[in-house]
Amino acid sequence: MDHIKKAVPGLVEKFNARGNETYEKMVPIILKKGVDNVNLAMFSDEMRGNVLNAVAEELLKKGKIPEAISTYTKTGNKLKLVEIGDDFSSKGMYSDAIDCYHLAENKDRLRRTGEACLRDGQMVDAIRAYKLLNDRDMLLKVGEECIKREKFDSAIEVFQLLGNKAKLIDVGDKCIHSERTEALPFAEKAYAAADEKERLNKLGDLFLKKEYLSDAYRVYNTAGNEMMISFLRENFGVC
């Protein structure tokens, strides 16, 4: 994390010489005891924040990034959280970058990261970024791209989040038309999310034709098809 180390300014320099000596003495013992185990209530808000920022800086130097992020979050140091997020983003660590930008409440960075994820095909992270932004238009765009890339599970997540029944059915149909057996569970998931019983029954028929009796039984059960459930249970012991 050399970028972070260079970017973090010397917070302690903001204080007078006596203050500097105090903070320098406090940081090691706070690190040893653990930030969460230290009571700093006797200090003013400003002093407490400055102490914790100094601790967070030292944590960065030691490579303890999660602990540094947690400490900067306590002080509300959004600038440092964004800097750490930028470092993650430059390394393609989008999920971690999104965490930092969310904590920093930086919508612009979240939006840019979502765009980068979409461009790079990192759909799970793109969904997460736009979900945090509550950007329904971009979520729809991500969902469409997921269908094109046959990332059906992510597409289902998006359209289920948007409550878009038509798109869920579209995903299910594309899974069926792909004629790939491994895509059929996604068709089931999409139709179930859309509460599309007619298509679920047709999927059950397809499983039955392939002699996947357990799968057929499960799908018929989801569709509430008591007749076929009884048929499979009574004649083939499927349950």
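Helix α9 (residues 136-148) packs against helix α10 (residues 152-162) at an angle of about 150 degrees, and their axes lie 8 Å apart. That angle makes α9 roughly antiparallel to α10, because angles over 145 degrees count that way. The model is predicted.

**Helices α9 and α10**

- The crossing of α9 past α10 is left-handed.
- On the α9 side, the contact uses R136, L139, L140, G143, E144, C146 and I147.
- On the α10 side, F152, S154, A155, V158, F159, L161 and L162 meet them.
- By class, this α9 and α10 contact holds 10 nonpolar, 2 polar and 2 charged residues.

**Helices α10 and α11**

- Helix α11 spans residues 165-177 and packs with α10 at an angle of about 165 degrees.
- The axes of α10 and α11 are 9 Å apart.
- The angle makes α10 roughly antiparallel to α11, because the cut-off is over 145 degrees.
- α10 passes α11 in a crossing that is left-handed.
- From α10, the contact draws on F152, A155, I156, F159 and Q160.
- From α11, the contact draws on K167, L168, V171, K174 and C175.
- The contact of α10 with α11 divides into 7 nonpolar, 1 polar and 2 charged residues.
- F152, A155 and F159 of α10 take part in the contact with α9 and in the contact with α11.

**Helices α4 and α5**

- Helix α4 covers residues 65-75, and helix α5 covers residues 78-90.
- These two helices pack at an angle of about 150 degrees, with axes 9 Å apart.
- α4 and α5 are therefore roughly antiparallel to each other.
- α4 crosses α5 in a left-handed way.
- I65, I69, Y72 and T73 of α4 meet K80, L81, I84 and F88 of α5.
- The residues of this α4 and α5 contact are 6 nonpolar, 1 polar and 1 charged.

**Aromatic rings**

- The model has 3 aromatic pairs, counting rings with centres within 6.5 Å.
- One of them joins F207 and Y212, with 6.3 Å from centre to centre.
- The planes of F207 and Y212 stand 45 degrees apart, and the pair is tilted.
- F207 is buried, because its relative accessible area of 3% is under 20%.
- Y212 is partly exposed, with a relative accessible area of 32%.
- Another pair is F231 and F236, with ring centres 5.6 Å apart.
- The planes of F231 and F236 are at 70 degrees, so this pair is edge-to-face.
- F231 is partly exposed, at a relative accessible area of 36%.
- F236 is also partly exposed, at 48% relative accessibility.

**Residue R199**

- R199 sits in helix α13, which runs over residues 197-209.
- F207, of the tilted pair, has a number that falls within the α13 range of 197-209.
- R199 counts as partly exposed, because its 29% relative accessibility lies between the cut-offs of 20% and 50%.
- Leaving out residues up to four places away in sequence, R199 touches I169, D173 and Y191.
- I169 and D173, which R199 touches, have numbers within the α11 range of 165-177.
- R199 and E188 are 11 residues apart in sequence.
- In space, R199 and E188 are 8.8 Å apart, C-alpha to C-alpha.

Key:
Residues numbered from 1 in each chain as written. Predicted model: local features only at pLDDT ≥ 70, side-chain atom pairs only at ≥ 80, totals over all residues. Heavy atoms only, no water. Phe/Tyr/Trp six-rings, centres within 6.5 Å; stacked < 30°, edge-to-face > 60°. Buried < 20%, exposed > 50% of the residue type's maximum accessible area, 1.4 Å probe, protein only. Axes fitted to C-alpha atoms, helices over the stretch in contact; angles between N-to-C directions. Helix = DSSP H or I, 4+ residues; strand = E, 2+ residues; numbered from the N terminus. Parallel < 35°, antiparallel > 145°, perpendicular 65-115°, else oblique. Left-handed = near helix turned anticlockwise from the far one by under 90°. Contact = heavy atoms within 4.5 Å. Nonpolar A, V, L, I, M, F, W, Y, C, P; charged D, E, K, R; others polar.
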